[in-house]
Amino acid sequence: MLPGNERRARGWSLTRRLVVALSAGAFFVALVLGFLGADREARRLELAHAAMEQELTQSLADRAGPLLDRVDRLRLSVLAAVVRDQVDGRALVLDRDGKVVIDSALLLGDRRINLLSLGGAFQRATEGRDGSPVRESLCPVRFGGETIGEVRLQCLPRTVAATFDFGWFGLALLCCLSLVAVAAMLGHHWSTSVRGATHSLIRLAAGEVGGAAAEARERELQELGDAVRELERGMQDGLQRVGEGYVAMALQVVDGLERQRLVPAGHGERTARLAGRLAERLQLLPADRSELELACRLIDFGKAWVRTSILQKSGPLTEVESRSLQHHAQRAEQQLDSVPGLRRVGRILRHQLERYDGGGSPDGLRGERIPLASRVLAIASAFDLLTTCAPDTPLGWREAIERLQAARGTVFDPWLVDLFVEQIQKDPPAAEVDREVMIVPSGAMPWRAEAAEPALDDDEDDEIDASGELEVMLDDRHEDQP
């Protein structure tokens, strides 16, 4: 990001863009209202024509009353012709029996039609003889207090061409532009505040302590976004450095445990190589493989919070001591959970002692509910322990494979065990000569946890008997060393 004195305005300001956008919107709204106003005027004229036709029908019925009573066909014909000429339509006069007396179109003759307007005058939409829409006005003919017939006036609906209503257009445009002016003033005030906050954030991101901007800047929101992204990058870099430092510290803790012979030396590195072969076979994503590798290297990290007397004890562990030792996976997760970038690694470590049949710890997960990386870690760790830390003497890779296959479906995922065995058989591990061996006490392997155990309280942990001999046993060559 450029320093404050090197940034220049590029393009229109936010306030100007806001005014232009709102003005265009105001013109569009006014244009729409102008057309809508024209359509409204057309509907008004159409209703006026309909009312005029209804009024003309009523007038024809009033004049036709005495003529229809005397059956004066000649004058009724003249009256119907006058009405027809006024509206360019068709006039019908029916007597009390529905017989057509007058038809200005000379189509119906003496046919009989049911009277429809006995209840009062009304209008309806119907169809003409050619199928075109027709508006028909009906009105009863009364004489001497009784209904003696009916008058019908049929007219084609008048279509009024919709024109543009400049009155509505001007009024709407004036109102909208007034709102645009108000919005422009508010936008200018708001952008000024945003500009000040932007410069402050930019100075903060650039490490500047203070100082005022020499001139007003443009593109306020873009600069604010640049400042926020700069801060985000700084925070990400900081979190990454914190995570890397924490990982380095955790690896030093594991290395210290190995140097003190409290955990098998090189167990994490060997487990990481074995798990990497299985991860490659599974085609895991690079990020997932990286997390799995780190979890393998930190597999014994949680044992730093287990009493040293438990890790050094040569005899069988008590129930409380066994629970405390199994709790190391949760301890590791609790420590890694404080770093956001390591939480997924901590979740892998938390479930490393789960069993495929649901009898593991700490949550008793079963089957595929156990994270895939934790299942891979458990298989790789078990194979390494069998070949380096088995009771009395380490097993060969073939014997270790047999032990894993015997536990498939109960302790380990059977599908992953088959894939792991396939990889080991393709490239068996080379035999190590004169290697130091750590013997697990009482022949108990960590992955053989029978059931999930509750977390150990601090009070119970303080009551553990610290007496016991060193559990770590070296081979004869190492014991002979001073």
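How much space lies in the second largest pocket?

1. About 460 Å³ of space lies in that second largest pocket, in what is a predicted model. A pocket here is an open set of points on a 1 Å grid over the protein atoms alone, where a 1.4 Å probe fits, with protein on both sides within 12 Å along at least five of seven lines; lining residues have an atom within 4 Å of a point. The volume is the space filled by probe spheres set on the points.

2. The lining of the second largest pocket consists of 22 residues, and Arg90, Gly128, Arg129, Val134 and Gln154 lie nearest its centre. Strands β1 (90-95), β3 (122-127), β4 (133-143) and β5 (146-155) each give two or more residues to this lining; strands are DSSP runs of E of at least two residues, and helices are runs of H or I of at least four. By class, the lining residues comprise 9 nonpolar, 5 polar and 8 charged.

3. The structure contains 22 salt bridges, each defined as a side-chain nitrogen of Lys or Arg within 4 Å of a carboxyl oxygen of Asp or Glu. Arginine 96 pairs with glutamate 146, their closest N and O atoms being 3.8 Å apart. Because arginine 96 lies in the loop between β1 and β2 (100-103) and glutamate 146 in strand β5, the pair ties together parts that are 50 residues apart in sequence. Arginine 96 is partly exposed at 43% relative accessible area (buried is under 20%, exposed over 50%, partly exposed in between; 1.4 Å probe, protein chains only).

4. A salt bridge of 2.9 Å, N to O, joins the side chains of glutamate 291 and arginine 344. Glutamate 291 belongs to helix α6 (residues 286-297) and arginine 344 to helix α10 (residues 343-350), so the pair ties together parts that are 53 residues apart in sequence. Glutamate 291 is buried, with a relative accessible area of 17%.

5. On the surface, Phe28, Val29, Val32 and Leu36 form a nonpolar patch with about 350 Å² of accessible area together. Nonpolar patches join such side chains within 5 Å, from residues with over 30% relative accessible area and no salt bridge; areas come from the Shrake-Rupley method with a 1.4 Å probe. Valine 29 sits in helix α1 (residues 14-70).

6. Residues are numbered from 1 along each chain as its sequence is written, and side-chain values use heavy atoms, leaving out hydrogens and water. Local features need pLDDT of at least 70 and side-chain atom pairs count only at pLDDT 80 or more, whereas totals for chains, interfaces and linings use all residues.

Definitions and conventions. Patches are made of residues with over 30% relative accessible area and no salt bridge: like charges are joined within 9 Å, nonpolar side chains (Val, Leu, Ile, Met, Phe, Trp, Tyr) within 5 Å. Ala, Val, Leu, Ile, Met, Phe, Trp, Tyr, Cys and Pro count as nonpolar, Asp, Glu, Lys and Arg as charged, and the others, Gly among them, as polar.
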